[in-house]
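Visitor: I would like to learn how to read a protein model. Could we go through it one feature at a time?

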Amino acid sequence: MSPPSPPAAPLAGDRRKRARGQDREILALALPAFGALVAEPLFLMADSAMIGHLGTPQLAGLGIAAALLTTAVNVFVFLAYATTASVARSVGAGRLATAIRQGMDGIWLAVVLGLLLVAALVPAAPALVDAFGASATAAPHATDYLRISALGMPAMLIVLAATGVLRGLQDTRTPLYVAIGGFSANIVLNALFIYGLDGGVAGSAWGTVLAQYGMAAVYLRVVVRGARRHGADLRPSRTGILANARAGVPLLVRTLSLRAVLLIATAVAARLGDTDAAAHQIALTLWTLLAFALDAIAIAGQAIVGRLLGAGDTAGARAACRRMVGWGVATGALLAVLVVAASPLVLRAFTGDQEVRDLLLPVLLVVALTQPVAGVVFVLDGVLMGAGDGPYLAWAMLLTLAVFAPVALLVPVAGGGITALWWAIAGLMMGTRLVTLALRARTGRWVVAGAVRA
């Protein structure tokens, strides 16, 4: 007589328990991360709302300066991503002092890059504003705002690097609290400088710079306190700074390639005409907002996967990847439903031009249909970043750019409109990224255990 088979229920129960534990951890990291992600856009929104009351030339000048500043910050977002991965690995390996030491090296790199940006942007501000084709009335305001705001670049980059340190330490709540404090301070300071001291556009820039340095000071206090608690060295290390820079180069290539995709799309939309360009800008604004929700899950992926690989738990890293892909699909599906349901409101809120509305509606449907794909792409992007797989991400994004660019540029030639362009963006571009990232995830070559990725 054969012995009875062991009951399956406890195993299934264990799996469900592990899944619930993973879900709680993902939520605990992703929800605060989402709040912190919207901090910089809120800074610009607050500036826009206040400067908008000063006059149209002032607002136009802010728009040009903000576009340049946002591009600069986005280019150096690798300071957060690379630091998150390296710090999380050391945390998983139980080396907290090393983790904080690596984080400090990332912050020192941010200081160096920030000072270089100040040296480049301040004298180049008039030329950069002129290159954007600013009008004679808007150019002085854009130049003033850009020159003053450039002085805050070291603080902005310190915030990026320190955010990466805390994410790697599995802490996304502190960045949320700092973001809320910084946003609140920005509103108060802007109101004081713009209206109380009659500082105009320059006053708004000074208010934002002071808020950014305040945020940087809070982050540094948190990191320095942790360093002293665990005996980590705070002095700059040439070797550590260069190591952070090398880890950031592939992510910089990835980011520049992604920015090139968006710039090409905007240029093509402009060639289609003012109505198409207006519809494109609204769709891109909505796309960016949706990306914050998906990027929050990706940030959780960076922190969790980096920690698990640092602890040598390759099976756990794979399981976390699968679970987060499920979260990406589910979140993307939810966002798709929300976009469809909110489409009438979006059309009315963003434009009163019926022609723009008619063009925008099918674009919103394209955005909605592709959100589940975007969910998987963002999650896998975060997982591979957390694993330190930057070189692959760089090559994958370069391939995506090579596939997207000729198709997008052919849209006007082939007589396509803004909907065709958005099929190229949300369908072809995101589809290509899905294929390249999914193939990498399936091979398992990203699964490299250890405190440092060999």
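Guide: What follows is a short talk about a few residues in this model, which is predicted.

Visitor: Where does F404 lie, and is F404 buried or exposed?

Guide: F404 is part of helix α15, which covers residues 390-413. Buried means a relative accessible area under 20%. F404 has a value of 0%, so F404 is buried.

Visitor: Which residues is F404 in contact with, apart from its neighbours within four places in sequence?

Guide: The contacts of F404 are V261, I264, A265, A424, I425, L428 and M429, with those neighbours left aside. Take M429: 25 residues separate it from F404 along the chain, yet their C-alpha atoms are 5.7 Å apart.

Visitor: How many residues does the largest nonpolar core have?

Guide: In soluble globular proteins, nonpolar side chains tend to be buried together. Here the largest nonpolar core has 128 residues, and those with the most contacts inside it are L79, M153, L157, F404, W422 and W446. Helix α11, residues 274-310, supplies the largest share of this core, with 19 residues.

Visitor: What does W422 touch?

Guide: Not counting residues up to four places away in sequence, W422 touches H280, A283, L284, W287, V363, V366, V367 and G427.

Visitor: What is the phi of Q170?

Guide: Most residues other than glycine have a negative phi. Q170 is not a glycine, but its phi is positive, about 70°. Q170 sits in the loop between α7 (153-168) and α8 (173-196). Its relative accessibility is 22%, so Q170 counts as partly exposed.

Terms used
Residues numbered from 1 in each chain as written. Predicted model: local features only at pLDDT ≥ 70, side-chain atom pairs only at ≥ 80, totals over all residues. Heavy atoms only, no water. Helix = DSSP H or I, 4+ residues; strand = E, 2+ residues; numbered from the N terminus. Buried < 20%, exposed > 50% of the residue type's maximum accessible area, 1.4 Å probe, protein only. Contact = heavy atoms within 4.5 Å. Core = buried A, V, L, I, M, F, W, Y, C linked by side-chain atoms within 4.5 Å.
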